[in-house]
Amino acid sequence: MKGIQETSNKTYRQLMGNGLRYEIPKFQRDYTWEYEQWDDLWQDIKMLITNEEKEHYLGYLVLQTSNNKNYFIIDGQQRLTTLSILILTVLKCLNDLVESNVESDNNYKRKENLLNSYIGYVDPVTLISNNKLKLNRNSDDYYKQYLVLLRDLPLRNTNTSEKHMRECFNWYYDKVKKEFKSGEKLAGFIDDIVDKLFFTVIEVTDQLNAFKVFETLNARGVQLSSSDLLKNHLFSVVDETKPHVSEIEELENIWSSIVGKLGEQKFEDYLRYYWNSYNKTVGKKNLFKTIKSSILTKEAAFSLVRNLKDTADLFLAIQNPDDEFWKSNLEIKESLGELKLFQIRQTNSLLLSGYKNLEINYFKKLVKICAVISFRYNIIGGLNPNAQEDVYNSIALKINTEKKYGILDFQSIYVPDSSFENDFSTKQFKNTSRNHKIVKYILAKIEEYKFRNEINYDSDLYTIEHILPESADESWGNFSQEELNRSIYRIGNLCLLERKLNKEADILKYIDKVKIFEKSKSHLTSSIPNNYTSWNEAKVSSRQKELAKDAKSIWRIQELN
């Protein structure tokens, strides 16, 4: 990947036992590890010192450098900070031995050697520490003045990050003190693990390349927080203006409020949908680059985070039909429920723009249009959703400027009746939990349209019955093996059936199943015996074509037909 200088595996000794310096960007997240993470690391380390494992992998470490001497830690700060604190607890134990006159000279030398190798050095006159690791703005003073100098750790007037570091230090100090009684064993402990703990180190040249690395690693299932990059950019823009401390605190409070509501991962999705509700569509890979080039002033940074905060609740509500936002509008709630069922996200930017700029009745119609289009285009048509997002984006921008939209704006992504009916007539739904819910929804909607009989598709009272059973073979009825394979998952072979009746039907022959179907309160199901005296591939097709005609009338936008 362009911008990556080097990728390699390095032990902790190779990382820290040299003249290199590492810095956590001052506006990156604070130290947040707690007991669970400390204990996980400690248990892994114990496996090393008992030789149950020969080495332990600590994951990816993403570093940014321009000179191969000084590195910004883009990802990995929690792990490096914790390991540094662990080493400091060993230094504290060695210092305790020195003060107790236990091998004072040797233990002093051990402490100084480990300090210089893995922490840094302390000026003997000024007692100012020059450390290999520099923490962020909320943590570094505490780290330098108390932890590195092995002073008593204050209990009051500490921020959350300092509290976590104090508790981490005390937790490891108790563990180390109980585990190792002599200076030789304490020093040997560190000397042993620094060669057995290793990272995959990725070095990049700038933040933008770091963001691309994050995208690649996330695609491989490695969860990293690329939102830290944006935070660091925004805070750096403000910091360049030499702001009053209250301004940074305000920015921090707003940012924490947003991430607190959304979580790190959802925040990244939210940021893209928010941005695209005001600007031409930007893909995930180019989002950071675009925002970085657009937000260049303190005013722009504050405006962005305040707007993000104000819109966060709306973004969450759009994805949650049961949110308080919609309690007085059942039609919006129903349409949002359909979009959630369909797992449609391409509409997010449009709905953000629509809710902010339209009267509620026009917004209600907008959500309904999106649900109908999504059913025709995504669920039945299975068409490429990328084209949809561009159309939705252009309508969102129109709504922002003109405070209105036109039905014809959706024409290019509205599947016409003829195509929709053909697609529906051949559609299959393999048996997955998501498809099970969608088929229940489809059949319940047709039931309501055709018989005015409401069945709650979310209810567990009904399930999906395969008229031709999934486990059927050629002895079941008038189906060849090829016909079996073609027919089992077609909509025409599926019906709603009460759960208790479904157990009775199981794999019975058609002539016996229909006696059970007659008992169903679903009229679509109970009418099957009257309409079909036998069951074969032609009957499946016939029933599905009838359902397709009803579907064409249910999921439609009159003005686009």
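In which helix does Ser 541 lie? I found Ser 541 in helix 25, residues 537-554. I took helices (H or I, at least four residues) and strands (E, at least two) as DSSP runs, numbered from the N terminus.

**Entry 1: the model**

I noted that this is a predicted model, in which local features need pLDDT of at least 70 and side-chain atom pairs count only at pLDDT 80 or more, while totals for chains, interfaces and linings use all residues. Residues are numbered from 1 along each chain as its sequence is written, and side-chain values use heavy atoms, with hydrogens and water left out.

I looked up pLDDT, the predictor's confidence in each residue, from 0 to 100. The protein chain averages 90, and 94% of the residues score at least 70. Over residues 219-224 pLDDT stays under 50. For residues 219-224 the model has eleven contacts beyond four places in sequence, a contact being heavy atoms within 4.5 Å.

**Entry 2: Ser 541**

I used buried for under 20% relative accessible area, exposed for over 50% and partly exposed in between (1.4 Å probe, protein chains only). I also looked up Asp 174, which is 367 residues from Ser 541 along the chain. The C-alpha atoms of Ser 541 and Asp 174 are separated by 73 Å.

**Entry 3: nonpolar cores**

I counted as a nonpolar core a set of buried Ala, Val, Leu, Ile, Met, Phe, Trp, Tyr and Cys residues joined through side-chain atoms within 4.5 Å. The largest has 94 residues, and Phe 375, Phe 410 and Phe 424 have the most contacts inside it. Helix 16 (residues 360-380) gives the most to this core, with twelve residues. Apart from this core lies another, of 58 residues, among them Met 16, Val 148, Cys 168 and Leu 197.

I then listed the contacts of Phe 424, leaving aside neighbours within four places in sequence. Phe 424 is in contact with residues including Phe 375, Ile 380, Ile 442, Ile 446 and Ile 491. Gln 544, Leu 547, Ala 548 and Ala 551 are also among the contacts of Phe 424.

**Entry 4: helix 7**

I examined helix 7 (residues 183-193), in which Gly 183, Leu 186, Ala 187, Phe 189, Ile 190 and Ile 193 are buried. Why do the buried residues of helix 7 line one face of the helix? Seen down the axis of helix 7, they fall within an arc of 150°, so they line one face. The arc is that of the directions from the helix axis to the C-beta atoms. An α-helix has 3.6 residues a turn, so residues three or four places apart point the same way.

The face of helix 7 turned away from its buried side carries the exposed residues Glu 184 and Lys 185. The buried residues of helix 7 pack against helix 2 (35-49), helix 3 (77-99), helix 4 (104-119), helix 6 (160-179) and strand 8 (197-204).

**Entry 5**

Strand 9 (residues 462-466) and strand 10 run antiparallel and are joined by five bridges; two strands pair if DSSP finds at least two bridges between them. Glu 465 stands opposite Cys 495 in strand 10.

**Entry 6: cysteines**

I looked for disulfides, each a pair of cysteine sulfur atoms within 2.5 Å, and the count comes to zero. The sulfur of Cys 168 is 14 Å from the closest cysteine sulfur, in Cys 93, too far for a bond. Cys 168 counts as buried at 0% relative accessibility, and Cys 495 counts as buried at 1%.

**Entry 7: positive phi**

Most residues other than glycine have a negative phi. I noted that Lys 242, not a glycine, has a positive phi of about 50°. Lys 242 is in the loop between helix 9 (227-239) and helix 10 (245-262) and is exposed, with a relative accessible area of 74%. Gln 343, also not a glycine, has a positive phi of about 60°. Gln 343 is in the loop between helix 14 (330-342) and helix 15 (348-357) and counts as exposed at 53% relative accessibility.
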